[in-house]
Amino acid sequence: MRRLSSAPKGDTVLSNPVIPGFHPDPSVCRVGEDFYLVCSSFEYYPGVPVFHSRDLVHWTQIGNALDRPSQLRLPPDSASSGGLYAPTLRHHDGRFWLIVTNVSGDGNLLFTATDPAGPWSDPIPLPGVRGIDPDLAWDDDGTCWCTVAGVSQVRIDPHTGETLGEPQPLWSGTPGAKAPEAPHLHHIGDYWYLLIAEGGTERCHGVSIARGRTPQGPFEPCPANPILTHRGTDHPIQNTGHGDLVQGPDGSWWMVFLGVRPHGGSPGWHVLGRETFLAPVTWVDGWPVVGEVSPVLSPPPWPLQEPVPTPVRDDFEHGELAPRWISPRSRPVEHCTTEERPGWLSLRARGDSLDDPEAVFVGRRQQDPTCRVRTLVDPAAGRGGLAVRLDERHHYEIEATREEVLVIARVGPLRSVLASHPAPGGPVVLRVEVAATREVRDPRQGPDTVSLGLEDAEGRYVDLARLDGRYLSTEVAGGFTGRVIGMYAAAGTVHFDWFDYSGGEG
Ligand code: 6LW
């Protein structure tokens, strides 16, 4: 809905972010006419969403690379915003290679696949590679270099995970700038380019680059560094950084990178997490120059593909959940199944509220600043409902039992029941409406309003609470994720017939 809309003259408007919602740390590669892209997924299971595109503008999620317990272990005590950080995706020697850090225990892991939609291999551990944000690059003679945040590099055998030699420091970015990270090494023309992020992933984020004649350097920094940053500007897209480069089949160059869209007054709150944006890249004197970053994209110089719209409704008629559905830490079938009651998603509680890291929650990323979400829930054998989740300590929910419908808010150490309403009896439609702040009349105004309620027997919305969305923002909660909206069970078994998500403008 938001991705393509009609401009006044009937032209097509292409929106940036190209992958909206909590999809940070993009890494991209091209094989022939196909582009593939992966993102970080932190504490969510399955992990590392994989996207496909033919035009770099319209992306379709084709899977999650780590979708089996043998690939992704996120123990119950693993922290939110822990888990999987900053993958790199490459195609080499007829295979796809994915390297990612599981900061919640398993460290750096390598996976391979012939089809990026999966299945991906079991992990090849890399115990000798220390540091986050691992990158993979192959020299002309087949030597494989793994480069990590810091920035340092070590030669590895990607088939065994063995390190061959000691890590060597490469280039740490602008002197004094914090957090040199997100390295990606590309061989372009006569140079090896080392792209990094620096300044931290908040408002000072940026992308800088250096080049050398070999993958090991020495590296000469670009005189125009940072080549991308929005620090100190009032641009509607902030925190731009953590990029990767890719060349189109026509020879043009592009950067994918993360950014956020803050709303509201001061200091500005972003609620959708860090999203994936696209910008054109040109080359001047052997250095990349990042073109305009705009919420409206200029069309790339090739035919655009027909976008594949995400259906508004999931009706759970099919056994497998679509890849957009994610859960904190794990999703055992004993707790989440479409088999128990055909055409319904059944969730069996583990933990008695969303405060519990093991709570049974199945959600999808909020991808639009303004959106409406509805679900039909049958609480006859339990207690559960519809929640907007940032982490265990920050969530709003509307919860149904046989007797009543409650609105609950958890913000940091505080937990409150804010409203209650008698249950209408039988299955009930619960609703969440998020309205982004369009005009700031008060510098203290929050980013959006989250209202939670139910539908009466005539389908009319009964609004039970209207809450300031800032408490479910990254600026308040901290961390690296974004809002996920979904269904949960807090006692017994709760059945969901369907779930609608529709995004609006603004
Ligand atoms: C990631 C680092 C970063 O590892 O944030 O924005 C960290 N960049 O590169 C978490 O996504």
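## Ligand site and domain contact in a predicted model

A polar side-chain atom of His242 lies 3.0 Å from an oxygen atom of the ligand, a polar contact being a pair of N or O atoms within 3.5 Å (within protein, one must be able to donate a hydrogen and the other to accept it, and residues adjacent in sequence count only if both atoms are side-chain atoms). The protein buries 98% of the 290 Å² that the ligand exposes when taken alone (Shrake-Rupley method, 1.4 Å probe). This is a predicted model, in which local features need pLDDT of at least 70 and side-chain atom pairs count only at pLDDT 80 or more, while totals for chains, interfaces and linings use all residues. Residues are numbered from 1 along each chain as its sequence is written, and side-chain values use heavy atoms, without hydrogens and water.

| Residue | Distance to a ligand oxygen atom |
|---|---|
| Asp133 | 2.5 Å |
| Thr201 | 2.7 Å |

Around the ligand there are 14 residues, each with a heavy atom within 4 Å of it. Asp25, Asp133, Thr201, His242 and Arg274 come nearest.

The chain is divided into domain 1 (14–297) and domain 2 (313–503), with bounds from an automatic or database domain assignment. Their C-alpha centres lie 31 Å apart. The contact (heavy atoms within 4.5 Å) takes 39 residues from domain 1 and 43 residues from domain 2. About 3100 Å² is buried between the domains, carbon and sulfur atoms giving 58%; buried area is the accessible area (1.4 Å probe) that two parts lose on being put together, summed over both.
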